[in-house]
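Work through these exercises with the sequence and structure open. Try each task before reading its solution.

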Amino acid sequence: MEVRFLGGAGEVGRSALLVDDRLLLDFGVKTGTPTTYPLGLRSVDPEAVVVSHAHLDHAGALPTLMGAPDAEERPEVHWTPPTDELARLLARDTLRLADGYDCPFTAEDVRRLMEQSVHHGYREPFEAAGHRVEFLDAGHVPGSTHVLVDEGPADTEGDTRLLYTADFNTEDQRLLAGTTARPDADAVAVESTYAFDERPPREEIETAFVTRVRRTLRQGGTVIVPAFAVGRTQEMMAVCARAGVDCYVDGMGTRVTDLFRRHRDFLRDPDALDAAASNARTVDGRPGQRERIAEQSTVVITTSGMLQGGPAMTYVPAVRSNPANLVALSGYQVEDTPGRDLLETGSAEIDGRRMPVAAQVEAFDFSAHADRSGLLAFLDDYREATVLVNHGDRCEAFAADRREAGFDARAPDRGETVTV
Ligand SMILES: [Zn+2]
């Protein structure tokens, strides 16, 4: 089996793996200025695409594969039902934000995705581009999967099995259970976002967050919680509901919440999401509404999670000059994003303007990725396999670290083809 890394090699973003030149696993973008794409944009021509989950760094470039006017000439797209709906929702949002500029796909391309869509649940093997493929719950966001690819066609076992972990979490969240899947595999392409970071148990992080939020509210401050639309917004809503803290929710996350409530089978605790939704007040973005909310002593959960756009661009400038206020970042901040900048320097470039922030800034690591202990525990079941490290800022260092521990591990470069 040949695995070519088109993106996500040595970086977080634009994940894309091409198996045997015919089966594409994920086709994401790296958001930023400018947004960058995997190798093979416009030239890769797979028979089928399998999508692990809807986050833009895994699915954001998918519509670019829909260029052929004849549906027969476009690749099939295999995914879970929530991933399908979410990916198309986010693609339409990308188009809206791009406003015609700098977007390598059209509304027609997004519409065509629907015609190519094939749904699968967990543990229901299917055939794609001559390979046997199976989805296993990755515990990252609702509908997210590990992708197990067997070289043989649907009903036989080939020589090689590749486990593409995609993004995964080994720990339970409010709405999702952590992954327990450890299928046999000869090669594991493993994400490594938190390869060198340990995280306190989720319960401790929640307690610290709630304590900090309550203190800010007692002192009359406003709390802005930048959060990813997919997964994190709903988790933060659930944390607030459970603690009895009222909140507003704004941005794309509100629509994603409605979508998840329609896919209850993909949630560990759908009732908790219902409770979270009724506890939160939805902001519809009428003129002046956000500025008025920002003056209240309240909590606002809003996109984007790394301050790269969305209503957070209104809220953060509105609360930034008062030290009683709090910006509570809720997840991993990728290098070179305004969120990371704010955390490290106390100021950030927002809407093209450098802004010092006197409000307090704290990060609460509600990440949906396995931490170092989680990654090591996961990999422990793959001591005999070839480990291909991707999706991290320090892939080569983590591969070296695992080689020290006796693994056959390496970190492929972007564009490299590995035979397993
Ligand atoms: Zn993800």
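**Exercise 1. How many helices and strands does the protein have?**

Start with the ground rules. This is a predicted model: local features need pLDDT of at least 70, side-chain atom pairs count only at pLDDT 80 or more, and totals for chains, interfaces and linings use all residues. Residue numbers start from 1 along each chain as its sequence is written.

Step 1. Take helices (H or I, at least four residues) and strands (E, at least two) as DSSP runs, numbered from the N terminus. The protein has twelve helices and 22 strands.

Step 2. Check the overall build. The radius of gyration is 21 Å, close to the 22 Å from the globule rule for 420 residues, so the protein is as compact as a globular protein of that length. The radius is taken over C-alpha atoms, and the rule is 2.2 Å times the number of residues to the power 0.38.

Step 3. Check burial. A residue is buried if 20 or more other C-beta atoms, placed from the backbone, lie within 10 Å of its own. Buried residues make up 52% of the 420 residues.

**Exercise 2. Give the strand order of the seven-stranded open sheet.**

Step 1. Apply the pairing test: DSSP must find at least two bridges between two strands. The order is β6-β5-β4-β3-β2-β1-β22, with mixed pairing.

Step 2. Find the edges. β6 (117–119) and β22 (417–419) each pair on one side only.

Step 3. Zoom in on one pair. β2 (residues 16–19) and β3 (residues 23–25) run antiparallel, joined by three bridges. Leu17 stands opposite Leu25 in β3.

**Exercise 3. Which strands pair with β8?**

Step 1. Look at β7 (residues 126–128). Three bridges join β7 to β8, and the two run antiparallel. Glu127 stands opposite Arg132 in β8.

Step 2. Inspect the turn. Two residues lie between the strands of this hairpin, and Ala129 takes a positive phi near 45°.

Step 3. Look at β9 (residues 145–150). Six bridges join β8 to β9, again antiparallel. Here Glu134 stands opposite Leu148 in β9.

Step 4. Ask why β8 (residues 131–137) is largely enclosed by the rest of the structure. Six of its seven residues are buried, so the strand is largely enclosed.

**Exercise 4. Which residues of α6 meet α7?**

Step 1. List the partners. Thr257, Phe260 and Arg261 in α6 meet Leu273, Asp274 and Ala277 in α7.

How values were computed: Two residues are in contact if their C-beta atoms, placed from the backbone, lie within 7 Å. A residue is buried if 20 or more other C-beta atoms lie within 10 Å of its own, exposed if 12 or fewer, and partly exposed in between; C-beta atoms are placed from the backbone.
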